[in-house]
Amino acid sequence: MSRVSVIIAARGERHLPRMVEHLHARLTGDYEIVVVQDGEPYQTVRPHPRLHVHNRKYAGLKPSINHAAKVATGKYLLKLDAHCAVSQGIDEILQASMQPNWMVVPRFYTLSEKTWEPDRNKPHNDYWLLDCPLTDPKGYRFRAGGYWFDRTEARAGIMPRDETMTHHGSAWFVEREFFTEKLRGMQSEGYGVSYMEPADLGLRTWLGPWGGRCIVNKDVWYAHLHQQASVRGYGISMREIKRSYLWTANYWMRGAWPEAVHDIGWLIDRFWPVPTWPDNWRQLQAEYARAHPWEPGI
């Protein structure tokens, strides 16, 4: 088995020490953990030969993950938010069936803060979707979340791997070379330094010139802690989030990415029918584009 580099960007993460200890107990192969603490205050994490902590000035989630990927030494990258639990041996199981241009996500659970295990009272999720910007009552955007519970139930018998339209953003597994050389890391221009990760990575994986695929692997799981704003270690700008959402939807719905070999309609057709997307979405998009002129730099 090859080395897996677990990369984590943390900003004021109160559970970071607990999560790192959990990872040491759950990872079974040749692994390293690369933590980038994105601005003060920095958490103190118990030293370990497989742990590398980089304390830097605040730059944002995406520059921090890109830095972690740059200094990582593994063939594979397992990106995790700094408040996640994982299944035993996830590092070895994921790479056993990996393909070079895949972005793979484990089965998703909600994390119990008390037990640091999946909350079995809440449903798991295997598939993720991009909601239609044209039907969202709160604005032109790819809404955050994207849980596709109906597809998860309908395709429960398809094991252990299947295609997924996108992912949650809190965990993904890739070959490091694919991430750094083809995707060229996480993109900040237009999106901003911390938002719209699933749309950015998922759409570039599917629509780029490398035959990429987003895959769910149901043989492994991770659990993500949904933190309330009152306990999050940093503030967020709702104005910047709304700007990022609007820019991202415009960028992809108008086909602005110059490297694309497929448009977003190709992906929607691949997973059709997709909740929130009406049959006449192309007509609605053309009408929207005529009424709302836009340039990528805006």
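Colleague: Which residues of α6 are buried?

Modeller: The buried residues of α6 are Glu197, Pro198, Ala199, Asp200, Leu201, Gly202, Leu203, Arg204, Thr205, Trp206 and Leu207, where buried means under 20% relative accessible area, exposed means over 50% and partly exposed lies in between, with a 1.4 Å probe and protein chains only. Helix α6 covers residues 197–207 and is mostly covered, with 11 of its 11 residues buried. Helices (H or I, at least four residues) and strands (E, at least two) are DSSP runs numbered from the N terminus.

Colleague: What kind of model is it, and how are residues numbered?

Modeller: This is a predicted model, in which local features need pLDDT of at least 70 and side-chain atom pairs count only at pLDDT 80 or more, while totals for chains, interfaces and linings use all residues. Residues are numbered from 1 along each chain as its sequence is written, and side-chain values use heavy atoms, with hydrogens and water left out.

Colleague: How many helices and strands does the protein chain have?

Modeller: The protein chain has 9 helices and 10 strands, and its C-alpha trace spans about 55 × 45 × 40 Å along the principal axes. Its radius of gyration is 19 Å, which agrees with the value near 19 Å that a compact globule of 298 residues would have; the radius is taken over C-alpha atoms, and the globule rule is 2.2 Å times the number of residues to the power 0.38.

Colleague: And what share of the 298 residues is buried?

Modeller: Buried residues make up 55% of them. The chain exposes about 13,200 Å², of which carbon and sulfur atoms supply 50%, with accessible areas coming from the Shrake-Rupley method with a 1.4 Å probe and, for residues, only the protein chains shown counting as cover.

Colleague: Which residues touch the most other members in the largest nonpolar core?

Modeller: Of its 53 residues, those are Phe142, Met165, Trp172, Phe179 and Trp252. The largest share of this core, 7 residues, comes from helix α7, residues 238–253. A second, separate core of 39 residues includes Leu16, Ile90, Trp116 and Trp221. A nonpolar core here is a set of buried Ala, Val, Leu, Ile, Met, Phe, Trp, Tyr and Cys residues joined through side-chain atoms within 4.5 Å.

Colleague: What is Trp252 in contact with?

Modeller: Leaving aside neighbours within four places in sequence, Trp252 is in contact (heavy atoms within 4.5 Å) with Phe142, Tyr191, Ala199, Leu203, Arg204, Leu207, Trp257 and Ile264. Three of these names, Ala199, Leu203 and Leu207, are also among the buried residues of α6.

Colleague: Changing topic, how many aromatic pairs does the structure hold?

Modeller: The structure holds 20 aromatic pairs. Rings of Phe, Tyr and Trp (its six-membered ring) pair if their centres lie within 6.5 Å, and planes under 30 degrees apart count as stacked, over 60 as edge-to-face and the rest as tilted. The rings of Trp247 and Tyr251 have centres 4.6 Å apart and planes at 15°, so this pair is stacked.

Colleague: Where do Trp247 and Tyr251 lie?

Modeller: Both lie in helix α7, 4 residues apart, which is about one turn of the helix. Trp247 counts as buried at 7% relative accessibility, and Tyr251 is buried too, with a relative accessible area of 12%.

Colleague: What about His15, is it buried or exposed?

Modeller: His15 counts as buried, at 9% relative accessibility, and its place is in the loop between β1 (4–10) and α1 (16–26). Its side chain makes a polar contact with the side chain of Arg14 at 3.3 Å; such a contact is a pair of N or O atoms within 3.5 Å, where within protein one must be able to donate a hydrogen and the other to accept it, and residues adjacent in sequence count only if both atoms are side-chain atoms. Not counting residues up to four places away in sequence, His15 touches Ala82, Glu113, Trp116, Leu225 and Gln227.

Colleague: Which residues does a cis peptide bond join?

Modeller: One joins Glu40 and Pro41, with omega about 0°, and Pro41 lies in the loop between β2 (31–38) and β3 (51–56). Another joins Trp272 and Pro273, again with omega about 0°, and Pro273 is found in the loop between α8 (264–270) and α9 (281–291).

Colleague: What is the phi of Thr276?

Modeller: Thr276 has a positive phi of about 80° although it is not a glycine, and this residue lies in the loop between α8 and α9. At 35% relative accessibility, Thr276 counts as partly exposed.
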